[in-house]
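Hi,

Here is the structure I promised to pass on. Have a look at it first, and my notes on what turned up follow below.

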Amino acid sequence: MTRTKLAWTRHLRGLSQRDLANLSGVSIRVIQLAEQRQRSTDNMSAHTLYRIATALECPMEALLEHDFEQSVQKRVDRK
């Protein structure tokens, strides 16, 4: 399984899940669930997504999964 956009962005910023939780004020459990695909960033409240995006210094749209998953699936299907 590929990483979520949230996990990729967090990793690129050199942050642990705990670091992101502390910076954003969002519980570490919410971040874990999103990265494990048990809670989609597409379904998070705008406020929660805003807090995470602000902590990661990226636009909120950059963390949405629907386009990312479709593009990955298209690449897999081509092989």
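For the helix pairs, axes are lines fitted to C-alpha atoms, for helices over the stretch in contact, and angles run from 0 to 180 degrees between N-to-C directions. Helices themselves are DSSP runs (H or I, at least four residues), numbered from the N terminus.

Keep in mind that this is a predicted model: local features need pLDDT of at least 70, side-chain atom pairs count only at pLDDT 80 or more, and totals for chains, interfaces and linings use all residues. Residues are numbered from 1 along each chain as its sequence is written, and side-chain values use heavy atoms, with hydrogens and water left out.

Start with α2 (residues 17-24) and α3 (residues 28-35): their axes are 9 Å apart, at an angle of about 125°. That makes the two oblique to each other (under 35 degrees is roughly parallel, over 145 roughly antiparallel, 65 to 115 roughly perpendicular, and the rest oblique). On the α2 side, Gln-17, Arg-18, Leu-20, Ala-21 and Ser-24 make the contact, and on the α3 side Ile-28, Ile-31, Gln-32 and Glu-35 do (contact means heavy atoms within 4.5 Å). Sorted by class, that contact has four nonpolar, three polar and two charged residues (Ala, Val, Leu, Ile, Met, Phe, Trp, Tyr, Cys and Pro count as nonpolar, Asp, Glu, Lys and Arg as charged, and the others, Gly among them, as polar).

α2 also packs on α4 (residues 46-56), with axes that come within 9 Å and cross at roughly 110°. So α2 is roughly perpendicular to α4. Here Leu-20, Leu-23 and Ser-24 of α2 meet Arg-51, Ile-52, Ala-55 and Leu-56 of α4, which by class gives five nonpolar, one polar and one charged.

Then there is α1 (residues 5-12) against α3, at about 115° with axes 8 Å apart. Leu-6, Ala-7 and Arg-10 of α1 touch Ile-31, Ala-34 and Glu-35 of α3; the classes are four nonpolar, no polar and two charged.

One more item: Arg-3 lies over the face of Trp-8, 4.9 Å from the ring centre (the rule wants NZ of Lys or CZ of Arg within 6 Å of the ring centre and within 35 degrees of the ring normal).

Cheers
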